[in-house]
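Please look through the structure below before reading on.

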Amino acid sequence: MNHTYVVIMAGGVGTRFWPFSRTNNPKQFHDVLGTGKSLLQQTADRFEGICPKEHIYIVTSAEYQQLVKEQLPYLSDDQILCEPVRRNTAPCIAYAAYKIAQQDPEANMVVAPADHIILKEEEFRDTIRIALAATATQDILVTLGIQPSRPDTGYGYIQYIPDSDNQGSKKVKTFTEKPHLELAKQFVESGEFVWNAGIFVWNVQAVRKAFESYMPETAEIFAEGDEWYFTEKEHSFINKAYSLCKNISIDNGIMEKAGNVYVVLSDFGWSDLGTWKSLYEVSEKDENENVTDGTHMLYNTNNSIIKTPKGKLVVISGLEGYIVAEFDGVLMICPKDEEQKVKEFVADAKNHGIHFV
C-alpha cells in the first residue's frame, strides 16, 4: 500500500495579488502564468508519481469548495477539507493530519501551499522523495529550505547545522522570520541559512506527537474528531472545532519550538508568488524586459508587467517599471517598486464600500 499523502493548503485570499486575487476567487484558482492551468491544478499535478490521486487532500475555505471541485474533479468530497473560518496553518494542518491518521496510521504526508511556483518539477519530486524517505521511519519534522540567491527580506530564514546529515536532511538550529536587509545579507554570506519554503514532510504519528507536545489544546480538539472523520457528522464537528482553535501558524506553534526539525536543502526554481514583483521575476520576459499577458501595443515601455484581458487591446507608451493589471472590472496601474501598496488599495476600496475586492 502507498502510505504517501499530499495535503495542499488552498484557503488563502492572496490580497497582494489584487485585482486578480479576490475574496470570492483568490489567486490559487487563477491561471497566473498563462499555462492553461490554475496554480492549484499545477500544484496537484506536481505530485504525480509521488502519491495516488485518492491520497491528495485539499484544505480550503468552505466558500471555495465548489471552485476546488471544478478544478480538481477527480477528488471525492472526503478529500476536500472545508474550514468554516481561517485560523492560519496550524489548525489547517492539524485537521488534515488527524483525519488522514484516522484512515491510515502509517501515513507519511507532504504539506504544500497551493500558490507556489516550482520551475524544476523533476528536481522538486526528487527532493520530496528524499524527505519522505527520511520521515517514513523517524520521529522527525522536515521542512524544505531553498538555497538563497539574494538577501531577500520577504522570506523567513532557516539556519542549519552543516555537519548534521540525516538521510539527506540537516538539523535545524534556528528560524528567523523576514529579517531586515543587513541581517539577511549576513545570513546569505554565512552559507548556513536557507529560505523557508513553507513545504513540510512528516509522518502522521510524528506530527500528532508534536501537536500534543507544543499545542496540546489543538491536539485535544482534533483528536476528539477521530470518531467523526469520514462520516456525515464530520462537518458539524469541524465547525465546532474551529470555533475553539487559536489563529496560529505551524511555524510559530510547532516548528520554532520542536527539537526534532530537519531541513532538506533544495534548489528547484521556487517562488512563493506572493506579489506582482515575484510573478515578474519568475516569468519569461521580452527584449524590453517586459512580462505581458493579453493583447498589447507597447511603445518605449520597459521592465514592466502587463496582464490584461485578451479581448481588449491595451496601448501603452512611456512606462518604466510598472504593474498594469486589469481583471473583472478593476484596472490597477502602479510602480513595481510600490507593490506593497496593493494591500492598502484593497483596504481603502473596502472602506469606501467598493465591492471589487
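**Charged residues in the model**

Asp126 and Arg129 both belong to helix H4 (residues 121–135), where they are 3 residues apart, about one turn of the helix. Helices (H or I, at least four residues) and strands (E, at least two) are DSSP runs, numbered from the N terminus. This is a predicted model, in which local features need pLDDT of at least 70 and side-chain atom pairs count only at pLDDT 80 or more, while totals for chains, interfaces and linings use all residues. Residues are numbered from 1 along each chain as its sequence is written, and side-chain values use heavy atoms, with hydrogens and water left out.

Asp126 and Arg129 form a salt bridge, with their closest N and O atoms 3.4 Å apart. A salt bridge here is a side-chain nitrogen of Lys or Arg within 4 Å of a carboxyl oxygen of Asp or Glu. Asp126 counts as partly exposed because its relative accessibility is 41%; Arg129 is partly exposed too, with a relative accessible area of 37%. The cut-offs are these: buried means under 20% relative accessible area, exposed over 50%, and partly exposed in between (1.4 Å probe, protein chains only). Asp126 and Arg129 are also part of a network of salt bridges that links them with Glu122 and Arg125.

How many salt bridges does the structure hold? The number is 22. One of them joins Arg150 to Asp152, with the closest N and O atoms 3.1 Å apart. Arg150 has 30% relative accessibility, so Arg150 counts as partly exposed. Asp152, at 19%, counts as buried.

Another salt bridge is formed by Asp337 and Lys277, whose closest N and O atoms are 3.4 Å apart. This pair links distant parts of the chain, 60 residues apart: Asp337 is in the loop between strand S17 (330–335) and helix H11 (342–351), and Lys277 is in helix H10 (residues 276–282). Is Asp337 buried or exposed? Asp337 counts as exposed because its relative accessibility is 59%. Lys277 is partly exposed, at 29%.

Some charged residues gather on the surface instead. Glu217, Glu220, Glu224 and Glu227 form a patch of negative charge there. Patches are made of residues with over 30% relative accessible area and no salt bridge; like charges are joined within 9 Å, and nonpolar side chains (Val, Leu, Ile, Met, Phe, Trp, Tyr) within 5 Å. Glu220 is located in helix H7 (residues 216–223). With 53% relative accessibility, Glu220 counts as exposed.

Note on methods:
Areas by Shrake-Rupley, 256 points an atom, 1.4 Å probe, with all protein chains shown as cover. Lys, Arg positive; Asp, Glu negative; His and termini not counted. Charge placed at Lys NZ, Arg CZ, Asp CG, Glu CD.
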